[in-house]
Amino acid sequence: MHLDLVPGKLKNLWDVWGIDTLVLVSIALQIILTHFGSRRRYIPGLRIRFTVWFAYLLSGSVVKIIIGKLTTIEISDTNKHNVTLELNALLAPMLLVQIGNPDAITAYSIEDNKLGVRQLLNLLFQVGVIVYILVRCWTNSSLSYLYLPMFLAGIIKYGELVWALKSALRNFGLTVEEINQEENVPTLFRRLPGEIVGLKLILKAYYRFNCLKPHLENWLYKPLYESLPWMSIDAYSAEDVFRITDSELGFMYDVLYTKAPIIYTRTGCILRIISFFSLVSTFCAFTIFFKNDFMHHIDAGYTFMVLIAAIILEVYQILLLPFSDWAIIEMIKHHNMPIMMPFLRILVPRTNKWKRWSNLLGQFNLLDFCIHDKQLKFNRILKYHGFDMDYKKSRSRTRVEFTKELKELIVQEMKEVDAMRDSKPVTQRGQWALERYECLNLEFKWSVKRDFDKSITIWHIATDICYYSDVQDGIANSQIEMGKLLSNYMMYLLAMRSHMLCTTTSDIIFEHTYTKLMAFLRTRPSTIRDEGEACRILRTEELPKELDFDRNKETMVTSKWHVLKDGQRLSRSLMSRENRWNIISSVWVEMLCYAASNCPMDFHAEQLRRGGGLITHVWLLLAHKTDKFYTSD
């Protein structure tokens, strides 16, 4: 008995229009990737990540299905001119163009860059299949010869993709030519006109990136390059320091996730010109062949529209090429050409408005999370699948703008950290700050000697208590607000990005603290409605002793740890000091430096495609002043 799962009419409709429908879907996916592929560098959030991820994965699958259907086209007589057959065959090389087309995204994640060899094999296999399709459908007609330029454009486009993936993480080593080029860099800085504001910042960012190559773990670079006057940024304002770092991370993002590093080479420009004119020549010839038949031949009209879409996408990407830091670097290198300086005078002032990351700080406040914790509608389902806490966290997380004042604070505090570590890796997470303020004693030392995730939690609770105590006393200034922002940001990392802290117990610590805070809030005789009231109680009242029954439920990590009492003890020590907010801010920045420098490069690279983050900026600034060749005794 034959079971027909697909109705006959639907199957016939699929046989007739299946290929055309899938090609339209493929074009739509390419438009999404072209438009949103590079925007994820400065737009955080799940929506854009899901959109790009869905389009990225689906685009390759759709193309494979189309190619598979094209191999099954029935051919009755190859010597007979069959326009519909030839038009379907023309779609095959166009698929190669679509696969390799988006300049804005070559890899969704850093792991994709490690699949360059696999992509090369895919290219060879798919080229072989497409050659098979073209040979089967070849009829020696004028239309058949359009396969050739379209096939050339497809090979170039897919080849660019493979080239970008293979070169992203490849360590070519430091060449003599690069060393010789660096000797001319100071002269290049002197020759550039000073009236173009921001020009030297981009050039400095490029050469700092080129010397460090932060995306390569085993890159051998000269450890003293930071001491060169034309490479150092110590004398720059905090705003300019972060602008340079923004551009550096922009270069890193482009190397890992886009075609930019190969497009702006001489070979890349030549290939782009050839592929574009191949597309245009195919379109022009096609228009000539069918100039009177578009309205009468549906397949010809459809192919015409597909060709227009491909050319529009290509033109759009070409128009975007000058609006990139890579383009400005190439213009600077060829500044002696008459046309370059006018272009630079027009483009460079606009770079201040270019978005290179979200410029937002993730914020997560533990007290606020507990006070406003509510029962979810689908709590049982979410809890069964283990998503309930993650969903609650995502709802409680907020983002705030990264302010100029906070940049100045971080740059100043990082200079203090650099002075203490002397080019060695960051090994302390608050001790240096406490030592500077002469309070590295029994009163404070214990709080930074705990496990890192415990220290973050204790200081977060203590910061909240100090903050609301000062607010209730009418004390308010930018230092207090910045300390609060840093506290919420570090708790955001612990709650939402625990992998970047490189601690294996972050989730356990968070759950434990959440449980203790919820128990504290629920055992009060009256309902606590805001953080200020909760902090007042934590500051002024003695906490009840925990029952042995409750302690027996705890894990080995949290046993004998009284998180609320530790937070209360630290806050009381801080409140006794006039300079408490200087201490709090310094400790938080030092903890941030510790977390950033100990987080693996892959996690920082992943952060770049999630809208960027402060921890990644701090990591890069630290990396420039860390001796890679240092080994502890």
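Colleague: How many cavities of 30 Å³ or more does a search of the whole structure find?

Modeller: This is a predicted model, in which local features need pLDDT of at least 70 and side-chain atom pairs count only at pLDDT 80 or more, while totals for chains, interfaces and linings use all residues. Residues are numbered from 1 along each chain as its sequence is written, and side-chain values use heavy atoms, with hydrogens and water left out. A cavity is a set of points, on a 1 Å grid over the protein atoms alone, where a 1.4 Å probe fits but cannot get out, and its volume is the space filled by probe spheres set on the points, which are joined across faces, edges and corners. With a threshold of 30 Å³ or more, the search of the whole structure returns six.

Colleague: Which helix gives the most to the lining of the largest cavity?

Modeller: The largest cavity has a volume of about 160 Å³. Its lining (residues with an atom within 4 Å of a point) numbers 12 residues, with Asp234, Val241, Asp418, Leu621 and Lys625 the closest to the centre. The main contributor, with four residues, is helix 18 (residues 404-421).

Colleague: How many charged residues are in the lining of the second largest cavity?

Modeller: The second largest cavity holds about 110 Å³ of space, and among its 13 lining residues Pro44, Arg399, Tyr492, Gln607 and Gly612 lie nearest the centre. Counting Asp, Glu, Lys and Arg as charged, Ala, Val, Leu, Ile, Met, Phe, Trp, Tyr, Cys and Pro as nonpolar, and the others, Gly among them, as polar, the lining has five nonpolar residues, five polar and, as charged residues, three.

How values were computed: 1 Å grid on protein atoms, 1.4 Å probe; cavity = no way out; pocket = protein on both sides within 12 Å on 5 of 7 lines; lining within 4 Å. Helix = DSSP H or I, 4+ residues; strand = E, 2+ residues; numbered from the N terminus.
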